[in-house]
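Please look over the sequence and the model shown here before reading on.

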Amino acid sequence: MKELLLQYLSGIRWQDLFDIIISSYMLFRFYVLFRNTIVFRILIGLVLLWFFQSIANSLGLIVTSWAVRAITAAAALIIIVVFRNEIRSVLQAKNLKAILWGFTHSIVSTPLEIIIDTVYDMAKRRCGALIVFPGKEDLKEVVQNGIQWNGVVSKEMILSIFWHDNPVHDGAIVIKGDQITEVSVILPLSHRQDLPSVYGTRHRAAVGLAEDSDALIIVVSEERGTVTIAKNAHYMEITKKERLEELLEEHIGVMSNPVEQLKKEKLKFGIAAVLCVIFVTGVWFSFTRGLSTLISMEIPVEYMNLDSGMEIWDTSANAVRLLLSGSDALIQSMRHEQIRLRLDLKKAAVGVNTFTITPEDITLPPGILLKRVTPQIVEVTLDAQVKKELPIQADFSGKLPENLILVSAKLTPEYIQVVGKHRVLENMSTIYTEKIPLDNIQSSGTIIVNPFINSTSIRIAQGGKTRIKVEYTVKER
Amino acid sequence: MRYIIFIFCLFLLVKPLFSEESGKQLKNINLSYATICEDVKDNNPKNPAVIFSISGGEVFCFSNFDSVSEKTVIYHIWYRNDKMSTKIKLTLQPPAWATFSSIQLREGDKGPWRVEIIDSENNLLQVLRFSITD
């Protein structure tokens with residue numbers, strides 16, 4: 001068992017370790033950037049769906065696996081559309097350093113004491129107020145008409161905002177951290193029928209937002225001087241400051257000791273980092289060391305670095321068959337264009353060149369192993385342009401009159417220089433003229449003809465004569 | 001002594017020039033005359049020419065060697081359109097010898113031909129070119 005494990009681990013390359021580290025870090029950074037947004041929770045849900053789909057698939061649950069796969073595919077698209085604001089705010093607000101390696105500790109320093117004091121003071125004064133403490137969800141899609149404020153929370157500021165004659169008093173304020181970010185915010189109204197009749201628009205708005213988001217809303221009643229909170233579609237009147245403090249602390253996640261909170265944050269990051277490594281390692285092993293599969297593929301042979309003066313005349317194989325092995329997941333995800341066989345013709349010479357295919361000649365996707373190549377030897381015949389001087393021969397045709405004998409034919413020039421493929425010219429020893437008709441010859445004479453070259457791979461050398469003078473002599477029988 | 005060494009060196013330098021000569025003066029035979037003809041009568045070529053009608057039925061390659069030092073062989077290799085058609089072995093007897101080879105003509109033999117005369121050591125002695133026509 002121990003030997004098996006050692007053998008299993010000995011196959012791990014340094015690239016694999018690097019692969020796990022990079023992927024783990026990417027996942028960890030993803031957690032760091034999106035940890036306080038709803039996107040992260042949705043993503044975890046998606047991962048769970050994917051696992052569920054894999055299990056359903058392996059158990060052979062046809063409809064379930066199909067349905068979960070469809071949901072996962074649709075969810076991936078929906079997440080980008082629905083949570084585009086959250087994604088944008090995370091990516092826009094942070095610089096490259098923050099995205100790659102920065103840590104933002106979310107130490108909340110909401111001045112709860114000031115807020116609670118102010119709330120009960122306003123209740124005593126019968127000054128109505130609506131204060132929103134957002135949760136992890138983005139409120140932009142739910143609320144309307146907010147005016148940017150971005151003022152540090154203080155009793156005086158809250159009182160002045162909700163002062164009757166203030167133009168922005170009619171609406172809610174949003175508190176994030178120690179800042180009032182927006183004022184005069186219009187909240188969605190609840191349509192519930194079971195709300196107490198004494199509740200006015202302010203309470204209905206608080207419950208409405210609590211129904212549509214994870215925010216906590218404090219309502220100060222103008223008529224009755226009560227303090228009510230609404231969260232998760234529930235509402236309750238709070239008479240004691242301590243209770244309100246407890247509920248706010250629970251909602252905002254404030255701890256009395258910031259150092260302790262920092263420690264908790266660091267621990268959270270540490271656990272997240274370890275979980276990321278474990279998760280990625282698990283995924284990596286399931287991908288690369290899963291059920292080993294064999295696959296046979298035929299791929300074309302690519303020839304490279306061929307000398308410009310040469311050309312491939314013939315090859316013993318234009319494609320080879322590769323026997324590849326790897327985990328089922330990797331084999332399934334492999335694409336044909338990821339596999340290439342390239343033979344370097346840099347040192348090849350004119351004639352037959354024999355290449356033994358080695359693993360270095362073959363490019364494979366990571367994690368895929370080469371078992372066999374067929375054929376392992378490829379012969380490549382190269383040719384080059386050469387010059388050759390060949391004798392010219394007259395090619396007579398037709399019928400010479402019966403009474404005549406053509407005793408000689410002198411050609412000028414006698415030789416012609418041609419350029420062509422070495423392998424073609426190698427077997428060629430004569431260049432013939434175009435057909436010279438004999439039918440009209442009655443006496444000795446001269447005729448000018450062209451050489452006849454019937455191969456596209458041969459041509460007359462530059463500067464060579466293209467006109468041949470044929471001086472023929474005839475005599476009577 | 002120095003004079004003898006000089007002559008010897010000169011001989012070594014000049015010798016390759018002779019051995020590479022066009023083929024008529026090779027070793028112990030000398031091809032004095034060769035031609036393609038319609039017939040050979042009394043050891044003489046009849047109607048030497050470069051055009052032969054297919055209706056003639058036969059064509060001959062005649063070769064005369066005026067110097068043959070010992071019994072040897074030569075070859076007449078017949079090519080049609082640059083492709084070998086036949087290779088005929090002929091024996092030469094000293095001191096001089098004339099010999100010939102021939103081919104029967106058929107309809108498909110029309111076209112340009114050549115006969116290469118080579119000695120027993122594959123040295124090219126002469127090339128004769130002609131055409132077979134209608």
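## A buried phenylalanine and its partner

In this predicted model, F269(A) counts as buried, because its relative accessibility is 7% and the cut-off for buried is under 20%. F28(A) is likewise buried, with a relative accessible area of 8%.

Over all chains, the structure holds 12 aromatic pairs, and F28(A) and F269(A) make up one of them, with ring centres 6.3 Å apart and planes at 80°, so that the pair is edge-to-face. Because F28(A) belongs to helix α2 (residues 14–34) of chain A and F269(A) to helix α11 of chain A, the pair ties together parts that are 241 residues apart in sequence.

## Further aromatic rings

The rings of Y199(A) and Y235(A) also form an edge-to-face pair, at 5.4 Å centre to centre and with 70° between the planes. This pair links distant parts of the chain, 36 residues apart, since Y199(A) lies in the loop between β4 (179–185) and α9 (201–212) of chain A, and Y235(A) in strand β7 (residues 234–237) of chain A. Y199(A) counts as buried at 12% relative accessibility, whereas Y235(A), at 24%, counts as partly exposed.

In chain B, ring pairs link F52(B), W78(B), W113(B) and F130(B) into a cluster.

S286(A) and S327(A) are 41 residues apart in sequence, and their C-alpha atoms are 8.1 Å apart in space.

## Where chain A meets chain B

Between the two chains, 20 residues of chain A are in contact with 19 residues of chain B. The area buried between chain A and chain B is about 1,500 Å², and carbon and sulfur atoms give 47% of that area.

How many salt bridges are counted between chain A and chain B? The count is one, and E38(B) forms a salt bridge with R477(A), in which the closest N and O atoms are 2.8 Å apart. Across the interface of chain A and chain B there are also 12 residue pairs in polar contact, with both residues of each pair at pLDDT 80 or more.

On the side of chain A that touches chain B, the elements giving two or more residues are β15 (377–397) and β16 (404–412) of chain A. The largest share of that side, six residues, comes from β15(A). By residue class, the side of chain A that touches chain B divides into 10 nonpolar, seven polar and three charged residues.

Methods:
Residues numbered from 1 in each chain as written. Chains lettered and ligands numbered in written order. Predicted model: local features only at pLDDT ≥ 70, side-chain atom pairs only at ≥ 80, totals over all residues. Heavy atoms only, no water. Contact = heavy atoms within 4.5 Å. Buried area = accessible area lost by both parts, 1.4 Å probe. Salt bridge = Lys/Arg side-chain N within 4 Å of Asp/Glu carboxyl O. Polar contact = N/O pair within 3.5 Å; in protein donor to acceptor, adjacent residues only side chain to side chain. Helix = DSSP H or I, 4+ residues; strand = E, 2+ residues; numbered from the N terminus. Nonpolar A, V, L, I, M, F, W, Y, C, P; charged D, E, K, R; others polar. Phe/Tyr/Trp six-rings, centres within 6.5 Å; stacked < 30°, edge-to-face > 60°. Buried < 20%, exposed > 50% of the residue type's maximum accessible area, 1.4 Å probe, protein only.
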